[in-house]
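Welcome! Keep the structure open as you read along.

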Amino acid sequence: MSDVTKRLYDAVLEGDLATAQTTVQEAIEAGIPVDEILSEGLVAAMDEVGCLFENGEYYVPEMLISAKTMQACLVLLKPYLSNATVKSPGKVVVGTVHGDLHDIGKNLVCMMLEGAGFEVKDLGIDVDAKKFITQIQAEKAQIVAFSAMLTTTMPYMKTIIQALNESGLRQSVKVMVGGAPLTQTFADSIGADGYAADASQAVALARQLVAA
Amino acid sequence: MNPRERALAALNHQEPDKVPVDLGSTIVTTITRTAYDNLRACLDLPEDTSVSISHRQMDTVYPKEDLLQRYGVDFRPVYLQGPWDFKTQELDGDMFIDEYQLKWKKASYYYDVIGRPLDAAETVSDVTRIMKWPDPYDQGRIHGVRERALKLKEETDYLLVADIMCLGPFEGACFLRGYEKFLTDLHWNPALAEAILDQILEIDIQLWDVFLSQVGDLVDVAAQGDDLGTQRSLYISPKMMRKFVMPRLKKLYNFIHTRTKAKVFMHSCGSVYDAIPDLIEAGVDILNPLQRSAAKMDIATLKKEFGKQLSFWGGGIDVQQVLPYATLQQIEEEVKKTLDIMAPGGGYVFVASHNIQADVTPDRIDKMYETVLRLR
């Protein structure tokens, strides 16, 4: 890792927005390949953020400032991305299911997936089966991720999976689920491909699902 | 022992004749309207046509006396009324704006926040400039409150609980500013974060001043909430909790303690194990709800480690993973297990680990209460 990407990595890890932004500029001007800035500076740092969160060293605020720093850096990198040979690991359509307006966990999942290089289409809250299906088709997504915060709204996930089956889309898209009241057992019972307990595990799961 | 003696013994860490039982004495230890209506029908109780909604957003009720007596509930709530000078703004599409200027929208059974008055705040002065705060001293709030509490005190032998009526500083700040923004502010704009926390705290203290001026001599429990936990941990690190949240909770609970002999009941969902020593230090006497399905919230551990300093109110059965799905036999076993762990030495009030939700069938609710009444 070059000195400049190491400094970028550190700045993202610390959620030091100003340093990260100037360091990205510096890296671009120094001619460091964009895919290297992305993978070594941003994705690697967000992987470490995920580990620190899993280990209980980072909490939601630290994850948020790192993710927001990473996002600001991505904006600066964007004009150069199209010229580079940067390959996204996959496209994920994400949403909180119909009847549920909770989005803190879902937003963290979006940020962490983005931090891992995934292309993320966030459909927001209260998303019904029809909208999920339209967007999976429009985005040609490899993964769809459902979130629910309530025991009363999580059964709707099964409705969406049934709709995916009926539309013939189920074979071409992996389904991952998460949210406070969910368990692996519930995920298995509705026929999801995976369950993640938090944003960091969601990244690991998404990587696993696109590799499968 | 009468209900008040029983409950007081338990809250003073003495073993009462029976474990006290709650349903509906606070907005976080009650039942949602759908589950309540289903339960009444199942028990052949007459339909509650003038149902008293205790919390509109959570769609919870203050259950009627007939149900409370049937389930041997040892507590009764007293609560503040709404202000006269503020009218909730009703909007199309099942939305409304409350007196904190929060915009709520209904989806399925509940309302959630979709508009936040401090969303655009940048500086400390914005906190009081861009939003109008509630007036704690609006006379409407106390209308009939003392009379109702006095009547309960004189005519019944239940223990009276001053129900939750204001935002907790941390949760309130997350609501008013938005979770993502507030949690980011803690690092990037701590002065703004502190200003929001302080403003909520000031309103809270004034509201408790108003409430306790009416019922401070009549209640034995003062209930206050502030959700500090997620499913897996505290929202923020214990270190940050000590810097931003605990000093303010301590100020609030000290104020309550100076104004009443009532014990301070603190509600926080989620995994709060790592904050418990600090909460005890801040003046919490009773912890609710013991969300057993969250990380590190095993009730036996809590009882063993903190049972001498803290009373527990809740956790009777988990409403997230157990109550909606369990068989009746599993419910009976869970209740028995809970009592075996929590009852010895007092310091325990039985109620589910949060409000009973719409997806819980009445036979399950009845089984829970029937079992606790039989075994307590």
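Start at A:L113, which touches A:V92, A:F118, A:V120, A:A202, A:V203 and A:A206, leaving aside residues up to four places away in sequence. Bear in mind that this is a predicted model.

**The nonpolar core**

- A:L113 is among the residues with the most contacts inside the largest nonpolar core, together with A:V12, A:M112 and A:M176.
- This core has 195 residues.
- Helix α8 of chain B (residues 190-215) supplies the largest share of the core, 11 residues.
- In chain A, domain 1 (3-81) and domain 2 (91-211) both give residues to the core, so it lies between them.

**Where the chains meet**

- How many residues does each chain bring to the contact? Chain B brings 27 residues and chain A brings 23 residues.
- On the side of chain B that touches chain A, β7 (103-107), β8 (110-115) and α7 (179-188) of chain B each provide at least two residues.
- Of the elements on that side, α7(B) gives the most, with 7 residues.
- Sorted by class, the side of chain B that touches chain A has 13 nonpolar residues, 9 polar ones and 5 charged ones.

- Follow the strand order β1-β3-β2 in chain B and you trace an open sheet of 3 strands with antiparallel pairing.
- Its edge strands are β1 (31-32) and β2 (52-55) of chain B, and each of these pairs on one side only.
- Between β1(B) and β3 of chain B (residues 60-62), the antiparallel pairing runs over 2 bridges.
- To spot this pairing, look for B:T32, which stands opposite B:T60 in β3(B).
- As background, strands of a sheet pair through backbone hydrogen bonds, in either a parallel or an antiparallel way.

**Chain B as a whole**

- Chain B contains 13 helices and 14 strands.
- Its C-alpha atoms fill a box of roughly 55 × 45 × 40 Å along the principal axes.
- Why does the radius of gyration of chain B agree with a compact globule? A compact globule of 376 residues would have a value near 21 Å, and chain B has 20 Å.
- Of the 376 residues of chain B, 51% count as buried.
- Looking at contacts in chain B between residues at least 6 apart in sequence, 76% join residues at least 24 apart.

Note on methods:
Residues numbered from 1 in each chain as written. Chains lettered and ligands numbered in written order. Predicted model: local features only at pLDDT ≥ 70, side-chain atom pairs only at ≥ 80, totals over all residues. Contact = placed C-beta atoms within 7 Å. Helix = DSSP H or I, 4+ residues; strand = E, 2+ residues; numbered from the N terminus. Nonpolar A, V, L, I, M, F, W, Y, C, P; charged D, E, K, R; others polar. Pairing = 2+ DSSP bridges. Core = buried A, V, L, I, M, F, W, Y, C linked by C-beta atoms within 7 Å. Buried ≥ 20, exposed ≤ 12 C-beta atoms within 10 Å, placed from the backbone. Domains from an automatic or database assignment. Rg over C-alpha atoms; globule rule 2.2 N^0.38 Å.
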